[in-house]
Amino acid sequence: LGILFVIPIGGGDMPVVISLLNSFSGLAASAAGFVVMNNLLIIAGALVGASGIILTVIMCKAMNRSLTNVLFAGFGSGEGGAAVASGGGGKVDKTVRSIDPEEGAMMLGYARSVVIVPGYGMAVAQAQHSVKELADQLEGLGVEVKYAIHPVAGRMPGHMNVLLAEANVPYPQLYDMDDVNPSFNQTDVALVIGANDVVNPAAREDRNSPIYGMPILEVDKAKHTIVIKRSLSTGFAGVDNGLFYKDKTMMLFGSAKDMVAQLVSQVKQL
């Protein structure tokens, strides 16, 4: 039953479904507690079930979708889902502009304002301490540094907040999506580190995209955008990211930790 339940769920929605299944496990444990008359099992299961449902609702709101849509939108889509996943790729000029760490460091070091957008790639590479070091170096040069946090970046809400707190990033530098989006127009450089779907303009521009309507961090409105990523592969939603091909976007290919460390080294030489 569990396998049949998740078969139609798209990759981008799996974190929501995992959270929901976790809540089901708690409810099952609570029900078992009633059967065996164990008060501790009833309470623990109820807490797990309630927290899982609350987390599921938070993630659905962050993606601007209902739980019903997440669970059942894939039924009957057939082969159309694969065609839609391209996000209208045929209309996009697929020219990619890449830079090296030295060029990236010059853009960051001579900017007045930089917004860092962490994503799951940063979490996988454990690059949060290097990111903090880079921010410290930029602040030493008089650059204003902010961190833009998307509600569902990473594996769960708050994932990026926890990692950056571990690296001792000051909490006032962390900005929620709604607070930071209006400032991207005045941002010199947006530095995207391992984020994909949460910065994909297709969510705003392409009505045929599976992620259309999901609120995103509007990094494409910054004067320049640097994206650190291993490749041009799609994110969890399986949707090509048009941000990579925009005129103001520069790709810095490589591991988040290695690339940020090289940026730190180059910024120190400015």
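Trainee: Which residue of S6 is the bridge partner of Val-227?

Mentor: The model is a predicted one. S5 and S6 run parallel and are joined by 5 bridges. In S6, the residue paired with Val-227 is Met-251.

Trainee: Which residue stands opposite Thr-225 in S6?

Mentor: This pair also belongs to the parallel pairing of S5 with S6. In S6, the residue opposite Thr-225 is Thr-249.

Trainee: Which residue of S5 is the bridge partner of Val-192?

Mentor: S4 and S5 are likewise parallel, with 5 bridges between them. The partner of Val-192 in S5 is Val-227.

Trainee: How many residues of S5 are buried, and how many of S6?

Mentor: Buried here stands for under 20% relative accessible area. S6 is mostly covered, with 4 of its 5 residues buried. S5 is also mostly covered, and its buried residues number 5 of 6.

Trainee: What is the order of the strands in the open sheet?

Mentor: The sheet is open, has 6 strands and shows parallel pairing. Neighbouring strands are turned against each other by 25 degrees on average, direction ignored. The order of the strands is S3-S2-S1-S4-S5-S6.

Trainee: How many bridges join S2 to S3?

Mentor: S2 (residues 144-149) and S3 run parallel. The number of bridges joining S2 to S3 is 3.

Trainee: What angle does the direction of H9 make with that of S2?

Mentor: H9 (residues 159-166) packs on the sheet and touches S1 (113-118), S2 and S3. The angle between the direction of H9 and that of S2 is about 140 degrees.

Trainee: Why do the buried residues of H9 lie on the same side of the helix?

Mentor: The buried residues in H9 are His-159, Met-160, Leu-163 and Leu-164. They are on the same side of H9 because the arc they cover around the axis is only 120 degrees. The buried residues of H9 pack against S1, H7, H8, S2 and S3. The value that places them on the same side is thus the arc of 120 degrees.

Trainee: Which residue takes a positive phi just after H9?

Mentor: The position in question follows directly on H9, and its phi is about 65 degrees. The residue is Asn-168.

Trainee: How far apart are the end C-alpha atoms of H12, and what span should its 13 residues have?

Mentor: H12 covers residues 256-268, and at 1.5 Å a residue it should span 18 Å. The distance between its end C-alpha atoms agrees with that expectation, being 18 Å.

Trainee: What arc do the buried residues of H12 cover around the axis?

Mentor: In H12, the buried residues are Ala-256, Met-259, Val-260, Leu-263, Val-264 and Val-267. They lie on the same side of H12 because their arc around the axis is only 145 degrees.

Trainee: At what angle does H12 run to S5?

Mentor: H12 lies across S4, S5 and S6. The buried residues of H12 pack against these strands and also against H6, H7 and H8. The angle of H12 to S5 is about 130 degrees.

Trainee: Does Ser-130 count as buried or exposed, and which residues does Ser-130 touch?

Mentor: Ser-130 is located in helix H8. Ser-130 counts as buried because its relative accessibility is 13%. Leaving aside residues up to four places away in sequence, the residues touched by Ser-130 are Lys-257, Val-260 and Val-264.

Conventions: Residues are numbered from 1 along each chain as its sequence is written. This is a predicted model: local features need pLDDT of at least 70, side-chain atom pairs count only at pLDDT 80 or more; totals for chains, interfaces and linings use all residues. Side-chain values use heavy atoms; hydrogens and water are left out. Helices (H or I, at least four residues) and strands (E, at least two) are DSSP runs, numbered from the N terminus. The expected span of a helix is 1.5 Å times one less than its number of residues. Buried means under 20% relative accessible area, exposed over 50%, partly exposed in between (1.4 Å probe, protein chains only). The arc is that of the directions from the helix axis to the C-beta atoms. Contact means heavy atoms within 4.5 Å. Two strands pair if DSSP finds at least two bridges between them. Axes are lines fitted to C-alpha atoms, for helices over the stretch in contact, and angles run from 0 to 180 degrees between N-to-C directions.
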